[in-house]
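Dear colleague,

Please find the structure below, followed by a short account of what was found in it.

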Amino acid sequence: MKIILCLDDNNGMLFNNRRQSRDKTVIEDIISNLKNERLLVSSFSEKLFEEFSDSVKVDDDFLKNASGDNICFAENQSLKDFENITEITVYRWNRVYPADFYCDVDFSNFSLASETEFKGNSHDKITKQIFIKR
């Protein structure tokens, strides 16, 4: 399974059960890279992708139900127990936000395959990193 995350510089994801930030350009980049796949999201993330509902499947158990090359957008889920993650795309906000929920993936099991930067809608610099499982 392939995972997509948005993280701050400390791997923070949420604060008080709310996402730290969001960016329209990030969402457009995610959708443009799906090819013919559908993005699996929870109902928590559904609103981010409402403009692209044909490309998204909402399932609150998507991580348990995902297999193979399914692409999943995770915001409020622990990932440490999912050993079937083969690729992780991280969009970094390049700043530190208040956080009380952090990404719990052990990145030492992954290699950085690519890194690019682009200007977002709400952030001057967003870094996109793609990690592949070793």
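The side chains of threonine 127 and asparagine 94 are joined by a polar contact of 2.9 Å; a polar contact is a pair of N or O atoms within 3.5 Å, where, within protein, one must be able to donate a hydrogen and the other to accept it, and residues adjacent in sequence count only if both atoms are side-chain atoms. The model is predicted: local features need pLDDT of at least 70 and side-chain atom pairs pLDDT 80 or more, while totals for chains, interfaces and linings use all residues. Residues are numbered from 1 along each chain as its sequence is written, and side-chain values use heavy atoms, leaving out hydrogens and water.

Threonine 127 is buried, at a relative accessible area of 5% (buried means under 20%, exposed over 50%, partly exposed in between, with a 1.4 Å probe and protein chains only). Leaving aside residues up to four places away in sequence, threonine 127 touches, among others, Val90, Tyr91 and Glu115 (contact means heavy atoms within 4.5 Å).

Threonine 127 lies in strand E10, residues 126-133 (helices, H or I with at least four residues, and strands, E with at least two, are DSSP runs numbered from the N terminus). Strand E10 pairs with strand E7 (residues 87-92) in the antiparallel sense over 6 bridges; two strands pair if DSSP finds at least two bridges between them. Within this pair, glutamate 87 stands opposite isoleucine 132.

Both strands belong to an open, mixed sheet of 7 strands, ordered E5-E4-E6-E1-E7-E10-E9. Its edge strands, E5 (56-58) and E9 (110-118), each pair on one side only.

Yours sincerely
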